[in-house]
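Please consult the sequence and the model together while reading.

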Amino acid sequence: MQEPKEERKILTMPNKTAVVPVNSDYIALTNNALDIIRENLKNQPLSYQLFDIIKSPSGGATSFTVPGLAGDEIYKELTGIVLDYATPRAYWDTPDPVEGTPPVCYSPDSLISHEGKPCNRCPFNDFGSKDGESNAKACKESVTIFLLRPDNIMPIIIRVPVSSKVIFQRYMTRLIGKMMPLCGVVTKITLEKTTNKTGQPYSLYNFEAINILSPEETVKARTFGQQFMEVVNTNELNQEAG
């Protein structure tokens with residue numbers, strides 16, 4: 001007696017070329033944002049001067065100052081998708097360099113300098129090398145965050161000082177523990193007033209994931225972030241680490 005043939009199930013793969021519309025509150029993920037950016041730039045890279053840069057406020061202030069169409073706007077918190085980030089460092093041979101002055105040495109990742117030398121062997125990376133009186137390093141570290149907000153196709157740059165660098169890294173580690181990509185959540189950034197060992201006030205950054213993006217939004221955010229960074233002059237941005 002002949003055994004019955006095993007029934008085969010044919011699996012059909014989805015059409016990879018099909019464009020699936022993304023339902024999102026972020027206009028950069030639902031429109032041809034990159035086409036507009038490339039068209040207006042005419043193949044020129046995005047330079048540092050073209051971004052809205054959000055720096056750490058002085059005196060321990062707990063509000064962000066963000067440039068707007070009608071002037072500066074004050075925010076108690078900033079929310080958006082972190083498209084990308086960098087951990088640059090830079091060294092100037094003067095204690096208070098004029099803004100825009102190129103550093104003597106810089107690194108895009110705080111590991112290897114632009115000359116190919118390891119940062120961990122540099123004397124300017126030692127604690128106390130800044131002035132000999134404090135514990136500060138002469139080579140200035142920071143975190144550069146590209147934050148995409150819902151109502152804009154251009155991200156803002158947030159400069160996180162070295163005093164809050166570990167806080168940002170811990171936030172990333174928590175996301176890793178939950179198997180969540182950084183571009184797969186909506187991040188809220190706030191400021192907290194604190195003081196250093198000498199009693200001087202400064203602003204401490206806090207990071208919180210307040211929403212999880214859909215898988216479709218996450219893929220779109222990752223792709224947009226990668227393609228957006230291709231038109232950014234990252235070398236110039238790294239040199240502006242101070």
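## Burial and surface

Of the 242 residues in the protein, 37% are buried in this model, which is predicted. The accessible surface amounts to about 15500 Å², and carbon and sulfur atoms account for 52% of that surface.

## Secondary structure and contacts

The protein contains 5 helices and 10 strands. Among its contacts with a separation of 6 or more, 62% join residues 24 or more positions apart.

## Cysteines

How many disulfides does a search of the whole structure find? The search finds 0. A disulfide requires two cysteine sulfur atoms within 2.5 Å. The cysteine sulfur closest to that of C105 belongs to C122 and lies 6.4 Å away, so the two are too far apart for a bond. For C119, the closest cysteine sulfur is in C139, at 6.2 Å, which is likewise too far for a bond.

The surroundings of these residues can also be described. C105 is partly exposed, with a relative accessible area of 24%, whereas C119 is buried, at 8%.

## The second largest pocket

The second largest pocket holds about 340 Å³ of space. Its lining has 18 residues, and those closest to the centre are D52, P67, R149, N152 and I156.

Strand 4 provides the largest share, with 3 residues.

Conventions: Residues numbered from 1 in each chain as written. Predicted model: local features only at pLDDT ≥ 70, side-chain atom pairs only at ≥ 80, totals over all residues. Heavy atoms only, no water. Buried < 20%, exposed > 50% of the residue type's maximum accessible area, 1.4 Å probe, protein only. Helix = DSSP H or I, 4+ residues; strand = E, 2+ residues; numbered from the N terminus. Contact = heavy atoms within 4.5 Å. Areas by Shrake-Rupley, 256 points an atom, 1.4 Å probe, with all protein chains shown as cover. 1 Å grid on protein atoms, 1.4 Å probe; cavity = no way out; pocket = protein on both sides within 12 Å on 5 of 7 lines; lining within 4 Å. Points joined across faces, edges and corners; volume = space filled by probe spheres on them.
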